Amino acid sequence: MTDLFFTVSGEHTTLPFAEINAILESAGISSSGGTVFTRVLCVTSTVESAYLVARRSSMTKVCGLELFRCDAEWSEIQRRLRDVPFTDYVKKGQSFSVRLTSFDTSHVNTLGLEREVGDNISRKVPDASVNLVDPDRSFIGFFADSMLIFGVKVAEASAKRFDERMPVNRPFLHPSTMPPKLARCMVNLARAPSGCLVLDPFCGAGSILLEAGAVGCRVVGSDVDDVMVEGCSRNLKYFRIPFDGLLVGDARRLPYTVVDCIVSDPPYGRASSTHGASPIKLVSDFLFEAMSILPRGGYLSLSLPGGWDWRAVAVDLGYAFVDRHFVREHKSLTREILIIKAP
Ligand SMILES: C[S@@+](CC[C@H](N)C(=O)[O-])C[C@H]1O[C@@H](n2cnc3c(N)ncnc32)[C@H](O)[C@@H]1O
């Protein structure tokens, strides 16, 4: 176990941290001491978890090994830097970089400090050289909530990992389609490890199934609209995502015997039709039906329209509430991402 930190994108305040915890939990990786700063999560876990999170997560940017954490005070930082065994990380002849980023309005001069750290390393490892483009070792630090979290980069999530599956790059496009990043995040929140069977019973154009398949889950989906099922099938085939099944069917009468988890985005009656049903009745009937195909403790990760007490609906049916997050899409639409577990 080692001290790690993860930096996340700033698009949501709680989802990125919940996603990291869910990834670690579903992989059975133990972690402790999760401390949250603005856009930084510090945890004690295994180094493997850094690679796993970088590979799977939608909102993590960089994973680092923490060397120290202190108040963002110049003198305190200098004192802590003196104790860092840089020679353990940079060997003779190797190159390194130092990059500091501020997520708060701390008054520490990041450029000056980058130079100071660089000089410190050069004094300790005289043969090392600075290389800002492709260094052997990257030292990174983040100012957040008047603290500096400083360490060595272990893994970095590719900034382009969702580009190829963006809706505009798919053969079948529909206005109700969910952005791939949110779809991936929801798959992770459902604690869906690679190899498990994920169902989306309101699959639409298939964003969720694409992301579940991209991380190695087996996928199965259905939608009441045959045009959507056909479009979803085209999208999955285009990206070579194998599927266990794709059917036209009503989510209130599921034709499956058992799945490991359900990740879905039921219709809100705006960009996608509820086919005459009220959203709350449709979702309650679907949740009632879903109990029969989920194992005990099986997760559901759902995107639901704001304005209803979805947590109460789920709990009344017997589900265990796990977590929820509110995502503001625009002035008149807030999504609730609800995570629940089957009894
Ligand atoms: C919000 S869209 C899903 C979008 C999808 N997540 C995507 O990213 O492409 C909701 C879908 O639910 C489907 N739907 C509506 N009522 C349904 C029902 N009773 N059973 C199954 N699907 C239904 C609609 O046809 C629509 O495709």
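**Strands and ligand in a predicted model**

Trainee: How many bridges join β2 to β3?

Mentor: β3 covers residues 40-45, and the two strands run antiparallel. Pairing takes at least two bridges found by DSSP. Between β2 and β3, the number of bridges is four.

Trainee: Which strands stand at the edges of the sheet?

Mentor: The open sheet has eight strands and mixed pairing, in the order β2-β3-β1-β4-β8-β7-β5-β6. Each edge strand has a single partner, so one side of it is left without a neighbour in the sheet. The edge strands are β2 (32-37) and β6 (129-130).

Trainee: Which residue has a polar backbone atom 2.9 Å from a nitrogen atom of the ligand?

Mentor: Look at polar contacts, pairs of N or O atoms within 3.5 Å. Ser207 places a polar side-chain atom 3.1 Å from a ligand oxygen. A polar side-chain atom of Asp265 lies 3.2 Å from a ligand nitrogen. The backbone atom at 2.9 Å belongs to Ala251.

Trainee: What share of the ligand's accessible area does the protein cover?

Mentor: Accessible areas come from the Shrake-Rupley method with a 1.4 Å probe. On its own, the ligand has 610 Å². The protein covers 97%.

How values were computed. Residues numbered from 1 in each chain as written. Predicted model: local features only at pLDDT ≥ 70, side-chain atom pairs only at ≥ 80, totals over all residues. Heavy atoms only, no water. Polar contact = N/O pair within 3.5 Å; in protein donor to acceptor, adjacent residues only side chain to side chain.
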